[in-house]
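Hi,

Here is the structure I promised to pass on.

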Amino acid sequence: MEHMMPLMTRATEKTVGLVLAVRQDQLGLPTPCEKFDVRDLVSHLEWVAELFESLALQGERVEQGPYAGDFPERAERTLKAWSRPEAWEGVSPAMGMPMTALAHMYLTDMVAHGWDLARATGQAYEPDPEAVALGLGFTESMAEMGRQRGAFGPAVAVPDTASPLDRLLGLTGRDPAWTP
């Protein structure tokens, strides 16, 4: 927890900053996630925050609702829920996974979806290298399960010399060279 919370916080804060900088006229733009435009991606981030808040509180899996425009507030509640030591203990009743694995999943979501949003809206994005490294390691061990559960698309080949961020993106089914 002591190591992950600062990384989760920084990744969340970067993604919140990206969301806050999205202009109304950008909500319909395409994103690297084929099924999402910018509005849908922000809505998905709202759901991710709500879901991981619930999971940290040993709650149920929640369904995604419509776009609400309140990702920053939801993200703040998520971080507050994960700041409790008991949030890191045991296995999630809703997901059947260790709580530490869910924390890595949340971190990976913030890094990858932060890139998605930045790329779609033309914003600069420099994720924390340590967050990227942890997300990459987690994704390497969970990619096949992620694909089976629909969380990741088919892997996109990247050169062996690609940056850790590009390798993470490729593993999750994103093309690091994607442009709008």
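Val22 is buried, at 16% relative accessible area (buried means under 20%, exposed over 50% and partly exposed in between, with a 1.4 Å probe and protein chains only). Its place is the loop between α1 (4–20) and α2 (38–56); helices here are DSSP runs of H or I with at least four residues, strands are runs of E with at least two, and both are numbered from the N terminus. Leaving out residues up to four places away in sequence, Val22 touches Leu27, Val38, Leu117, Thr121 and Gln123, where contact means heavy atoms within 4.5 Å. Val22 and Gly122 are 100 residues apart in sequence, yet their C-alpha atoms are 9.7 Å apart in space.

Before I go on, the ground rules: this is a predicted model, so local features need pLDDT of at least 70 and side-chain atom pairs count only at pLDDT 80 or more, while totals for chains, interfaces and linings use all residues. Residues are numbered from 1 along each chain as its sequence is written, and side-chain values use heavy atoms, with hydrogens and water left out.

Back to Thr121, one of the contacts of Val22. Thr121 sits in helix α4 (residues 99–121) and is buried at 11% relative accessible area. What does the side chain of Thr121 reach at 2.7 Å? That is the backbone oxygen of Leu117. There is also a polar contact of 2.9 Å between the side chains of Thr121 and Gln123 (a pair of N or O atoms within 3.5 Å; within protein, one must be able to donate a hydrogen and the other to accept it, and residues adjacent in sequence count only if both atoms are side-chain atoms).

Next, the core. The largest nonpolar core has 55 residues, and Met8 and Trp82 touch the most other members (such a core is a set of buried Ala, Val, Leu, Ile, Met, Phe, Trp, Tyr and Cys residues joined through side-chain atoms within 4.5 Å). The largest share of this core, 12 residues, comes from α4. Trp82 has a relative accessible area of 0%, and its contacts beyond four places in sequence include Met1, Met8, Phe52 and Leu102.

On aromatics, a search of the whole structure finds two pairs. One of them is Trp82 with Trp88, edge-to-face at 5.1 Å centre to centre and 75 degrees between the planes (rings of Phe, Tyr and Trp, the last by its six-membered ring, pair if their centres lie within 6.5 Å; planes under 30 degrees apart count as stacked, over 60 as edge-to-face and the rest as tilted). Trp88 is buried too, at 11%.

Finally, the charges. The count comes to seven salt bridges (a side-chain nitrogen of Lys or Arg within 4 Å of a carboxyl oxygen of Asp or Glu). Among them is Asp128 with Arg10, closest N and O atoms 2.9 Å apart. Asp128 lies in the loop between α4 and α5 and Arg10 in helix α1, so this pair ties together parts that are 118 residues apart in sequence. Asp128 is buried at 17%, whereas Arg10 is partly exposed at 34%.

Arg174 and Asp116 also meet in a salt bridge, 2.7 Å from N to O. Arg174 lies in the segment after α6 and Asp116 in helix α4, so the pair ties together parts that are 58 residues apart in sequence. Both residues, Arg174 and Asp116, are buried. Glu50, Asp70 and Arg74 are linked in a network of salt bridges.

Cheers
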